Amino acid sequence: MSSSLTAASPLQDWLTHLETIHPKKIDLGLERITTVAQRLGVHTLPCVTITVGGTNGKGSTCAMLEAILVAAGYKVGLYTSPHLIDFNERIRVNGNIVDDAQIVQQFARIEAARADVSLSYFEFATLAALLTFTDAKVDVAILEVGLGGRLDAVNMLDADCAVVTSIDLDHMQWLGDTRDQIALEKAHIFRANCPAICADPVPPQTLIDHAQAIGADLWLFGRDFNYSGDRQQWAYGGRDKRRPGLAYPALRGANQLLNASAALAVIEALHPRLAVPQQAIRIGLAQVSLPGRMQILPGSPVVVLDVAHNPHAAAVLAQNLDNMPFYPYTHAVVGMFKDKNIEATLQKLADKVDHWYCADIDGPRAAPGKELAQIVENLTASRPADEVVTTAVFDDPVQAFKAAQNQAAENDRILVFGSFHTVGPILRELGRKAH
């Protein structure tokens with residue numbers, strides 16, 4: 001055990017410790033965390049377990065499942081990553097984030113149990129969530145996959161139901177550089193004889209083949225479940241269950257019905273083990289919230305916050321911006337990690353933004369703001385001469401945001417995107433909560 005940290009030490013001291021104890025920030029593999037989980041008795045959970053993977057849409061799908069199941073009266077644990085402002089956001093029980101003391105208590109237990117086994121920051125966090133859910137005796141544990149699927153710490157568990165929300169190009173240095181390769185990595189969260197939900201409208205064949213090979217009960221969007229809707233309401237259609245007359249989810253965005261239908265497919269697939277009345281679905285979809293995903297802050301100018309950080313998410317964000325009312329000018333604050341496909345991501349928004357505020361963000365993976373600005377200038381060089389595009393570079397997202405506020409007129413729009421590390425500091429600056 002650490003010579004200085006105890007169950008009474010401040011959470012921030014523990015987090016600083018966790019950032020330094022493992023040689024790699026990202027270290028995929030299940031052997032080390034499984035060893036420690038077995039020592040702690042959390043390698044299986046005594047509750048219904050749902051894992052949610054996918055390139056984009058994981059957070060929204062998890063949030064909808066949580067809101068619906070809580071409304072149905074279940075005690076629900078939710079584990080997500082990364083966080084926007086506070087580490088505590090990652091672990092919730094019945095919609096409430098756990099406090100520092102609870103997390104530190106679990107960290108101390110993990111530190112004592114791991115002995116000579118080295119664990120990454122993410123593995124520590126995952127084990128803390130599993131211990132918290134076990135102590136709280138939750139009925140349902142919802143766990144968001146961190147990166148990929150096959151070798152992600154969450155995949156240590158054999159889930160009762162697994163979801164792949166979407167498949168696109170991201171984290172290619174770890175998962176492969178084609179959709180087929182990435183889909184196969186994600187499909188490894190599926191389990192034999194258990195529901196395996198895929199909400200991607202065009203799933204790669206590798207995902208389908210893997211599900212069939214292991215004997216998973218594969219539910220495909222468009223074949224096993226679907227949705228329809230008009231301007232007033234929407235309907236879910238599953239294998240044996242239809243839910244008509246649903247109000248649109250409280251989460252904004254073009255893909256939220258896709259995410260909502262995936263959540264309802266999970267609920268249908270787990271019936272009767274999880275019985276959920278229609279009223280709980282209505283309440284859950286009406287009350288669900290998820291900061292930093294097409295989050296619109298009213299005012300003058302209006303502010304749009306979205307953690308979109310890959311081309312697929314940026315394309316959806318561009319579509320959502322097109323669906324908003326007219327704004328004379330759009331000002332964008334952007335910060336990104338250098339291991340992302342920066343050019344392809346920014347290209348999706350290149351014709352939507354007039355004034356760019358490119359910022360450095362925290363961490364060794366951060367791309368310099370000046371590098372982002374150069375890419376923007378290259379992407380916008382061919383715009384017509386009467387469309388003035390400006391770029392500026394800032395030391396951090398908050399400075400960039402303040403500059404955008406100073407420059408934007410009342411009727412303009414300020415967009416913040418590119419990373420949790422871009423959106424989080426601005427939410428904090430604005431005094432907004434991330435939970």
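Analyst: What follows goes through the sheet, the helices packed around it and the nonpolar cores. This is a predicted model, in which local features need pLDDT of at least 70 and side-chain atom pairs count only at pLDDT 80 or more, while totals for chains, interfaces and linings use all residues. Residues are numbered from 1 along each chain as its sequence is written, and side-chain values use heavy atoms, with hydrogens and water left out.

User: What is the strand order in the open sheet?

Analyst: The eight strands of this open sheet come in the order 4-3-2-5-1-6-7-8, and their pairing is mixed. Strands here are DSSP runs of E with at least two residues, helices are runs of H or I with at least four residues, and both are numbered from the N terminus. Two strands pair if DSSP finds at least two bridges between them.

User: And which strands are at the edges?

Analyst: The edge strands are strand 4 (96-97) and strand 8 (217-220), each of which pairs on one side only. Strand 4 is joined by two bridges to strand 3 (residues 91-93), and the two run antiparallel, with V93 standing opposite N96 in strand 4.

User: How many bridges does strand 5 have with strand 1, and how many with strand 2?

Analyst: Strand 5 runs parallel to strand 1, with five bridges joining them, and it also runs parallel to strand 2, through four bridges. V140 in strand 5 has V48 opposite it and also V76 opposite it.

User: Is strand 5 mostly covered or mostly open?

Analyst: Strand 5 is mostly covered, as five of its five residues are buried; buried means under 20% relative accessible area, exposed means over 50%, and partly exposed lies in between (1.4 Å probe, protein chains only). V140, I142 and E144 point one way from the strand, whereas A141 and L143 point the other way.

User: Changing topic, which strands does helix 3 touch?

Analyst: Helix 3 (residues 58-71) packs on the sheet and touches strand 1 (48-53), strand 2 (76-79), strand 3 and strand 5 (140-144), and its direction makes about 170 degrees with that of strand 5. Helix 5 also packs on the sheet, touching strand 2, strand 3 and strand 5, with its direction at about 10 degrees to that of strand 3. Axes are lines fitted to C-alpha atoms, for helices over the stretch in contact, and angles run from 0 to 180 degrees between N-to-C directions.

User: How do helix 3 and helix 10 cross?

Analyst: The axes of helix 3 and helix 10 (residues 278-287) come within 7 Å and cross at roughly 135 degrees. That makes helix 3 oblique to helix 10, because angles under 35 degrees count as roughly parallel, over 145 as roughly antiparallel, 65 to 115 as roughly perpendicular and the rest as oblique. Residues in contact, that is, with heavy atoms within 4.5 Å, include M64 and A67 in helix 3 and A280 and I281 in helix 10.

User: What about helix 7 and helix 8, what angle do they make?

Analyst: Helix 7 (residues 179-187) and helix 8 (residues 205-214) pack at about 30 degrees with their axes 7 Å apart, and they are therefore roughly parallel to each other.

User: Lastly, how many residues are in the largest nonpolar core?

Analyst: The largest nonpolar core has 62 residues, and those with the most contacts inside it are Y79, F107, I110, F133, F190, L207 and L218. Its largest share, 11 residues, comes from helix 5 (residues 121-136). Another core, of 44 residues, lies apart from it, and I142, W234, Y236 and I281 are among its members. A nonpolar core is a set of buried Ala, Val, Leu, Ile, Met, Phe, Trp, Tyr and Cys residues joined through side-chain atoms within 4.5 Å.
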